[in-house]
Amino acid sequence: MRWNLQRAIGLVVLAVCLIAGGLIWLGISLSEPVEPHTEEGVLFGVWQVMYDTTAPTRLQLAIAVAAALLLAAVVTIVESRIATRNRRTLDSTHKPLSPHVVMAETRGVFAGPVTITVLVPAHNEEASLPETLRSLWAQSRPPDRVIVVADNCTDATPELAVTGGAEIFETVDNDKKKAGGLNQVLRQVLPGLGDNDCVMIMDADTVLDDGFLEAADHRFTNDRGLMAVGGLFYGEEGHGFIGQCQRSEYVRYSRELKRLRGQVFVLTGTASIFRPRGLRTVAASRGDSIPGVHGDVYDTLALTEDNELTIALKSLGALLVSPQECTVVTELMPSWGTLWNQRLRWQRGALENIGAYGVTRETFRYWAQQIGIGYGVVALFAYLLAMIVLILATDTWVWFTFWLVIGFVFTLERVVTVWRGGWRARILAALLLPELVYALFLDLVYVRSIVDISLGRQAAWKHVEHQASEPATGGAS
């Protein structure tokens, strides 16, 4: 089942979305009939259009709300049961990273104080790397070691890394992008690390907020069963309208994780810290219980290596957390073209990852997310199509009180969920239409990814070059 879903996953998600929509339509169509209040119009002088200005009945509303609540409840309950089972299991064969298994094997053994070795994969990152290194050395608990993984660099990245106080590891004949470079350095670094000698993977265009490493150190020190700490990211300043849309999106994501009490969905590649035991177990399990090449920490076939590694760790029973204290500032895409390429890779990678792992307890939430996105795409485009037909077919604007109330509630939700993003984010959310345009853009990315994966089109990784900045002048003391 794991491999059969590779190309079919897009069609599977689409089919489930259409079935869900059909069931809701069936439930509403079987509800109590009401006398409709209809109006007529003509579209393009040919197509006669009839539309109903009557608000949905209470039963119809109840069916729609019940369907949404039932789906949310099912996802929450199943996910909670899966997490509890993984934490409590003593099955060292299938769940070698389960907290109970790890705690039992390490009971009474002191692995020394927590150390943090930071790996910074970098391909022509001379513009952003200096600030990244400065944020590392400025931490209240600085790293013990920083290694810049220079991958096929043709600029001054290696020199700036040394100036910034880091060691250099240059990849050799690497044609597997970021994942391949990290696999090379991890083969050298991991064998010499103890259980408390943690490894941080951090993008070269990311800046840590102060306290990140201190909070992570505290977590690992107090929980021997913890395998990884992921960061919460928010966007850098600038880039106008498209930049604000991305910042608002990241604020909502962080808010959701806070409500879930740090429950990890993706160990972000911007900045995440791993216990060596977790990475070594993943490498040993590749090609057997999880996809990939035996001995590789990262699956080089995955477009989104951070998402894939998260699923791999969860599949092996690992305990992961994203604390509110661990925040980072990450780059934003400066144009619609670069954003399209980034999100297409993210979306395509997410679909391919769950297709590779198939339907398992650990991938249940990821399947639910993709189906939810797919259903949202179908519903939004169907709604907009109906509105366009209505506008073109009528001479006068019709105000629907029911939909005005729904629109107000939706706008209120948009403003509340982005409140921490500041006044610009609140104004953008209150206007509603600009964020709707952004949502439609992301929906188009989703549709394109479904089409590409279903047709077996080759995916590409497109690197974004950054503008030059002043080089770092200092490093670690």
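In strand β6, the residue C198 is the bridge partner of I116. The model is predicted: local features require pLDDT of at least 70 and side-chain atom pairs pLDDT 80 or more, whereas totals for chains, interfaces and linings use all residues. Residues are numbered from 1 along each chain as its sequence is written, and side-chain values use heavy atoms, without hydrogens and water.

(Helices, H or I of at least four residues, and strands, E of at least two, are DSSP runs numbered from the N terminus; strands pair if DSSP finds at least two bridges between them.)

Both strands belong to an open sheet of 7 strands in the order β5-β4-β3-β6-β10-β8-β11, and the pairing is mixed. At its edges stand β5 (167-170) and β11 (319-321), each of which pairs on one side only. On average, neighbouring strands of the sheet are turned by 20° against each other, direction ignored. (Axes are lines fitted to C-alpha atoms, for helices over the stretch in contact; angles between N-to-C directions run from 0 to 180 degrees.)

# Helices against the sheet

Helix α6 (residues 177-189) packs on the sheet and touches β3, β4 (145-150), β5 and β6; the direction of α6 makes about 145° with that of β3. (Contact means heavy atoms within 4.5 Å.) Helix α9 (residues 276-285) also packs on the sheet. The strands that α9 touches are β6, β8 (226-230) and β10 (271-274), and its direction makes about 75° with that of β6.

# Strand β10 and its neighbours

Strand β10 pairs with β6 in the antiparallel sense over 4 bridges, and A271 in β10 is the bridge partner of M202. The pairing of β8 with β10 is likewise antiparallel, over 3 bridges; here G230 stands opposite S272 of β10.

In a regular strand, side chains alternate between the two faces of the sheet. In β10, A271 and I273 point one way, S272 and F274 point the other way, and all are buried. (Buried means under 20% relative accessible area, exposed over 50%, and partly exposed in between, with a 1.4 Å probe and protein chains only.)

# Enclosed and exposed sites

Helix α10 (residues 305-315) is largely enclosed by the rest of the structure, because 11 of its 11 residues are buried. Among them are the residues E305, D306, E308 and K314. Just after α10, G317 adopts a positive phi of about 90°.

R343 is placed in helix α11 (residues 336-357). At 6% relative accessibility, R343 counts as buried. Leaving aside residues up to four places away in sequence, R343 touches Q246, E249, Y250, Y438, L442 and V445.

F408, in helix α13 (residues 401-417), counts as exposed because its relative accessibility is 56%. Together with V405, V409, L412 and V416, F408 makes a nonpolar surface patch of about 470 Å².

# The protein as a whole

The protein has 15 helices and 12 strands. Of its 477 residues, 47% count as buried. Among contacts between residues at least 6 apart in sequence, 77% join residues at least 24 apart. The protein exposes about 24000 Å², of which carbon and sulfur atoms supply 61%.

# Surface terms

Accessible areas come from the Shrake-Rupley method with a 1.4 Å probe; for residues, only the protein chains shown count as cover. Patches are made of residues with over 30% relative accessible area and no salt bridge, joining like charges within 9 Å and nonpolar side chains (Val, Leu, Ile, Met, Phe, Trp, Tyr) within 5 Å. A salt bridge is a side-chain nitrogen of Lys or Arg within 4 Å of a carboxyl oxygen of Asp or Glu.
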